[in-house]
Amino acid sequence: MLDRGHDWELRVDLDRKLVFPNIVETNLRPDAVLVSQQSKTLVAKELTVPLEENCEEAHERKSLKYADLMADCKDKGWSVWNRCGSCSHD
């Protein structure tokens with residue numbers, strides 16, 4: 001996937017300072033965003049550390065939280081990867 005572009009930029013949410021790339025307007029802030037303007041590819045990474053018995057629910061909650069945002073990016077012609085870092089889902 002990284003071979004698609006040579007201009008990758010990593011943005012990380014440190015102290016609520018992440019600004020989502022200028023693809024769509026949003027107030028959501030994934031924990032990390034890897035973006036290539038050249039290939040119009042975006043990888044959003046959301047981290048979570050649930051109790052073992054809550055892994056499935058945490059994965060579902062985090063995936064749903066960003067589903068509309070990822071769909072909006074796709075509608076603008078971007079390839080998107082929404083990765084939730086909970087348990088064994090990644």
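Visitor: In β3, which residue is the bridge partner of V35?
Guide: The bridge partner of V35 in β3 is L42. This is a predicted model, in which local features need pLDDT of at least 70 and side-chain atom pairs count only at pLDDT 80 or more, while totals for chains, interfaces and linings use all residues. Residues are numbered from 1 along each chain as its sequence is written, and side-chain values use heavy atoms, with hydrogens and water left out.

Visitor: How do you know that β2 and β3 pair?
Guide: Two strands pair if DSSP finds at least two bridges between them, strands being DSSP runs of E with at least two residues, numbered from the N terminus. Five bridges join β2 to β3 (residues 41–47), so the two antiparallel strands meet that definition. Strand β1 (residues 9–12) also runs antiparallel to β2 and is joined to it by four bridges, with V33 in β2 as the bridge partner of R11.

Visitor: What makes β2 mostly covered?
Guide: Four of the five residues in β2 (residues 32–36) are buried, that is, under 20% relative accessible area with a 1.4 Å probe, protein chains only.

Notes: Buried means under 20% relative accessible area, exposed over 50%, partly exposed in between (1.4 Å probe, protein chains only).
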